[in-house]
Amino acid sequence: MYSVNYHRAASVADAAKLLKGGDAKLLSGGMTLIPAMKTRLASPSDLVDVSRLKELQGVKVSGKTVTIGAATTHYDVSTDEKLKKACPALAHMASLIGDPAVRYKGTIGGSIANNDPAADYPAALLALGATIVTNKREIVADKFFKGLFETALKEGEIITAITFIAPAKAAYQKFRNPASRYAIVGVFVTKGKDGVRAAVTGAGDDGVFRSKEIEAALAKKFDASSLDGLKVSADGLMSDIHASAEYRANLIAVMARRAVAAANA
Ligand SMILES: Cc1cc2nc3c(=O)[nH]c(=O)nc-3n(C[C@H](O)[C@H](O)[C@H](O)COP(=O)(O)OP(=O)(O)OC[C@H]3O[C@@H](n4cnc5c(N)ncnc54)[C@H](O)[C@@H]3O)c2cc1C
């Protein structure tokens, strides 16, 4: 490990100041950034730790509006009783991330800032039509996730919260890598007042995406049977040592059917 300056931010405003100058990076759960530093894929001059900021922690539910602080851990999302009532699908999704150590340290803000193409939260937030709140502006999920490990965040911009209206129905199903637990394919479906949304992670060669064909099929009737015979094209899907594009295409249809059945259960 090379030498790095560590700062524990006193507030979001303090973190924003500390990020100016040098090649500083925010540190939240450190589950992605620290391994990247160990292998020199990242080599920031300074780390600005926001993981202990109270203003970035916790789940709030007001009516149907859910707001989750950026530094809320996966464990806290998965066990929050208010969230389990308002949107059990998201709490369930968080419970499927990695292993207990990853869930205790990793955070929702760190996960979506990283935008790993196999991460779970990007699919959830896209399907929930969530809004990402930063210290500068609000960004809708449809415009936030730009591609592999790429987001709409600007240099020095800090995610402070994620907010969404809880849908009437939602569920997430993933076919996971047995070693890392990352999604080989994960599908999050929702049925809310603005209709049906279905987002796919783990499969797209440009990262998370909404499946227009699944959404169109479910718009007629939100039932797993609406997806019978659905053929997903392998075009634009990833092929790697874990699965071919064709295998992933088949998994998308299977996971989507299971997700809709779970949402209706
Ligand atoms: C063994 C293992 C298994 C895993 N399995 C899964 C899995 O099954 N599913 C899954 O989705 N993920 C999985 N992960 C990833 C995990 O969810 C991480 O917690 C997550 O990707 C990063 O969150 P973090 O809080 O640790 O972020 P960090 O590592 O601290 O930061 C990641 C990036 O986000 C930036 N950042 C952090 N906070 C903010 C903020 N508030 N605003 C702007 N930028 C910010 C950092 O500067 C950095 O670039 C796994 C990780 C490991 C190590």
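This section describes the domains, the ligand site, the strands and selected residues of a predicted model.

Residues are numbered from 1 along each chain as its sequence is written. The model being predicted, local features require pLDDT of at least 70 and side-chain atom pairs count only at pLDDT 80 or more, whereas totals for chains, interfaces and linings use all residues, and side-chain values use heavy atoms, with hydrogens and water left out.

The protein chain is divided into domain 1 (1–49) and domain 2 (169–264), with bounds that come from an automatic or database domain assignment. Taken over C-alpha atoms, the centres of domain 1 and domain 2 are separated by 34 Å. Each of these domains contributes at least three residues to the shell around the ligand.

The ligand is surrounded by 29 residues, of which the closest are Leu 26, Leu 33, Thr 107, Asp 120 and Arg 181; a residue is near a molecule or strand if one of its heavy atoms lies within 4 Å of it. By residue class, the shell comprises 13 nonpolar, eleven polar and five charged residues. Here Ala, Val, Leu, Ile, Met, Phe, Trp, Tyr, Cys and Pro count as nonpolar, Asp, Glu, Lys and Arg as charged, and the others, Gly among them, as polar. At least two shell residues are supplied by each of β2 (24–27) and α7 (108–114). Helices (H or I, at least four residues) and strands (E, at least two) are DSSP runs, numbered from the N terminus.

A polar side-chain atom of Thr 107 is 2.6 Å from a ligand oxygen atom, and a backbone N or O atom of Gly 98 is 3.0 Å from an oxygen atom of the ligand. For Lys 174, a side-chain N or O atom lies 3.2 Å from an oxygen atom of the ligand. The ligand taken alone exposes 980 Å², of which the protein buries 89%; accessible areas come from the Shrake-Rupley method with a 1.4 Å probe, and for residues only the protein chains shown count as cover.

Thr 107 also forms a side-chain polar contact of 2.8 Å with Ser 28. Ser 28 is placed in the loop between β2 and α2 and is buried, with a relative accessible area of 16%. Buried denotes under 20% relative accessible area, exposed over 50%, and partly exposed in between (1.4 Å probe, protein chains only).

Strand β10 (residues 159–165) has six of its seven residues buried and is therefore largely enclosed by the rest of the structure. Two strands pair if DSSP finds at least two bridges between them. Strand β5 (residues 65–69) pairs with β10 in the antiparallel sense over five bridges, and strand β6 (residues 131–134) runs antiparallel to β10, joined to β10 by four bridges. Thr 163 in β10 stands opposite Thr 67 and also opposite Thr 131.

An open sheet of four strands has the order β11-β12-β13-β14, with antiparallel pairing. Strands β11 (169–176) and β14 (209–210) are at the edges with a single partner strand each, so one side of each has no neighbour in the sheet. Strand β12 (residues 183–192) and strand β13 (residues 195–201) are joined by seven antiparallel bridges, and Thr 190 has Arg 197 in β13 as its bridge partner.

Helix α8 (residues 121–128) is mostly covered, with eight of its eight residues buried. Just after α8, Gly 129 adopts a positive phi of about 60°. Most residues other than glycine have a negative phi. Arg 40, although not a glycine, has a positive phi of about 65°; Arg 40 lies in the loop between α2 (33–38) and β3 (46–49) and is partly exposed, with a relative accessible area of 49%.

Lys 143 belongs to helix α9 (residues 141–144) and is exposed, with a relative accessible area of 57%. The C-alpha atoms of Lys 143 and Thr 131 are separated by 9.5 Å, the two residues being twelve residues apart along the chain.

Methods:
Polar contact = N/O pair within 3.5 Å; in protein donor to acceptor, adjacent residues only side chain to side chain.
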